[in-house]
Each structure stands twice: as C-alpha cells, then as structure tokens.
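Subject: Structure handover

Dear colleague,

Here is the structure we discussed, with the sequence alongside. My notes on a helix pair and on a sheet follow below it.

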Amino acid sequence: MKKIAVIGAGSWGTALAVTAAAKGHAVKIWGRNKRQMESMRETGENKRYLPGVKLPPLLRPVDEAQKAVHHADLVLFSVPAQAFRSSYTALAPILTAGQVIVNVAKGIEKGTLLRMSEVAEQVAPEAGYVVLSGPSHAEEVGKRLPTTVTVGSRRQELAAYVQDVFITDKFRVYTSDDVTGMELGGSLKNIIALGAGISDGMGYGDNAKAALMTRGLAEMNRLAVRLGARQETLSGLAGVGDLIVTCTSMHSRNRRCGIMIGQGVPVKNAVEKVGMVVEGISTTEAAHDLAVREHVEMPITEAIYRILCGEISAAEAEPLLMGRKPKPER
C-alpha cells in the first residue's frame, strides 16, 4: 500500500484517485471547493464532476491540501495547466525529497510558453517529476472500462514506480523517457480537438474532420520535434491516441466547445456552457506564440487562434485552409 495525495477534485483527479484506492492504496483527495468535499464525504460520490462512480473506502476527501500531502509517498496534481504553477508553489515548501510528483495537466503555460515539467523545474528543481498522459476520459476510467496510458520521466525508475502504483487489469500503463513529446502531444491535441468540434458544428462531415486530425497531427509533429521531442512519441498513446479520443468523443470538453463555436455560439459563452476548464483555449494561444517563435508552419493552429481571438469567423477559416497553395504532403 502506498499513501497518495491527489490535488484537484475534478473528474480526472477523482477517476485516478478511485483507480488507486480500488487497488488498495490509501488516497486522500483535496479540492478547493469545501462544499464539494463535504458532499463527497457525505454521499461517497463526486456528484458534480464524476456522477455515478462510488468512492472506494480507502479514498478520503479532505479539506486541507496540507493534510493530503503530509506523509504521502506520491503527490498527484490534477489542476488546470494555467493553475499548476500556483498550486505547486503553494505546496512546495512542505513537500519532502522522497515524494514523487505526478502531473496530469495537459497544457502550455501562457506567457512563459513553458511545458508543465519546465514549470515544475523552476518551482522545485530537485523533485522527482512524472507526467501521466494518454487517451483517457475520466468517465470511462471511473467505470473501470479498459484504458491505456503512458507515464513519462527523465528518471526511468520513477516512471516504473508510478507504473506499478497505477497499473491494474483495466488500467494499463506504459513508460517513456520522452517527457517533452508526451507533454506536447497531450497539449497540442486539444487545439485540433477544438478544430474538429468546429468542423462538426458547421456540419462539414467526416471527410473534413479526418483531414483536420491528420494535418493537425502533422503540425503537432513539426512543433514537437523542433522542441526536442521524438516523433515516435507523437505516434503513440500520448500523441495520436489522445488525439483520436479527444477529436471524436462527446466526453471531450474541447470538442464540445468547438461544436458550439462552429454553430455560432460566442467563444466565451461556449466555454461557460461546457462548465469546466477548456484547456485548448489557452493552449491555442501559447502554441501560436511558440510556432511564431520557432518559425514552425501551423496553419490549422493559426486559423483556430484567429477564430478564438475574433479576427475571423469559423466560416471564414475554411477558405483560408482549403485555398492554401498546392504542395506535396509532408
């Protein structure tokens, strides 16, 4: 049995907490909404973010993050990417050298254009950092439907440790040492999922969505490889696997948000209707800035960025993409 702290009581943090507790680990989960934590204790369920999934006896919701982290072997952060720095900074003074840090946020920090591992490096350079990513909707993981993910770390012993903690007969875990590729794959696919949703919302059909996904993957590869990732990682679970599930499922917040934008709903209203953080919105801005900085051609990302900024409508994006100069596919 390991002692695990989960910081962030949204759908994904809860699903991973349930998975670990059902395996026999002692898990404490903390969320900033005290009423939600009280409800979880009283009902044995996260009715707001993961309804219908019962919390195992070894999963304990707590009111203070410090209580969750104290004496934990592993601390898992499941907060939005743009909140990761502040959450990690707040807890860093009480984290100990032997605790393993696992982050599941998929995004790029706005302004700094840093990946989450780079943010963690700035906050606590000596900490053992692991990223967990892959095609994994919380709703399905919570119901113990078969799911496969990857954990990555520059220290292979840490990746193997986290693999052993979470792997079950329904939750298969691979390891990787390409943290850059995993983080960029998990982040950039949210942009393409917004685009796929916009295409669906405009009624463009399967052909258009398949093209967006395929050419979107090409963009993801171009930027990721420029930044030091391995292309094979983008072809794996944390890249194309996550891309497929996020672009095709109604569980995907990014796709649902994109559908509404494609139907003419203003971006702000679409995000509000989703009711949860839509990581692709912030990631699009950060990826656009990265592409400009690195001189990487990303026409789909640029079009989605301009839609989100209000520079063009979704309808105006189509001729911009379809009317580009003919060229070989690469």
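Angles between axes under 35 degrees count as roughly parallel, over 145 as roughly antiparallel, 65 to 115 as roughly perpendicular, and the rest as oblique. Please keep in mind that this is a predicted model.

Helix pair. Helix α8 (residues 179-201) packs with helix α12 (residues 253-262) at an angle of about 40°, and their axes are 6 Å apart. The two helices, α8 and α12, are therefore oblique to each other. The crossing in which α8 passes α12 is right-handed. On the α8 side, the contact is made by Asn190, Ala193, Leu194, Gly197, Ile198, Asp200 and Gly201. From α12 come Asn254, Arg255, Cys257, Gly258, Ile259, Ile261 and Gly262. Sorted by class, the residues in the contact of α8 with α12 are six nonpolar, six polar and two charged.

Sheet. Eight strands form an open sheet with mixed pairing, in the order β5-β2-β1-β6-β7-β8-β9-β10. At the edges are β5 (59-62) and β10 (171-176), each of which pairs on one side only. On average, neighbouring strands of this sheet are turned by 25° against each other, direction ignored.

Within the sheet, strand β1 (residues 3-7) pairs with strand β2 (residues 26-30) in the parallel sense, over five bridges. Lysine 3 has alanine 26 in β2 as its bridge partner. Helix α2 (residues 34-43) packs on the sheet and touches β2 and β5. The direction of α2 makes about 150° with that of β5.

Regards

Definitions and conventions: Residues are numbered from 1 along each chain as its sequence is written. This is a predicted model: local features need pLDDT of at least 70, side-chain atom pairs count only at pLDDT 80 or more; totals for chains, interfaces and linings use all residues. Side-chain values use heavy atoms; hydrogens and water are left out. Axes are lines fitted to C-alpha atoms, for helices over the stretch in contact, and angles run from 0 to 180 degrees between N-to-C directions. Helices (H or I, at least four residues) and strands (E, at least two) are DSSP runs, numbered from the N terminus. A crossing is left-handed if the near helix is turned anticlockwise from the far one by less than a right angle, and right-handed if clockwise. Contact means heavy atoms within 4.5 Å. Ala, Val, Leu, Ile, Met, Phe, Trp, Tyr, Cys and Pro count as nonpolar, Asp, Glu, Lys and Arg as charged, and the others, Gly among them, as polar. Two strands pair if DSSP finds at least two bridges between them.
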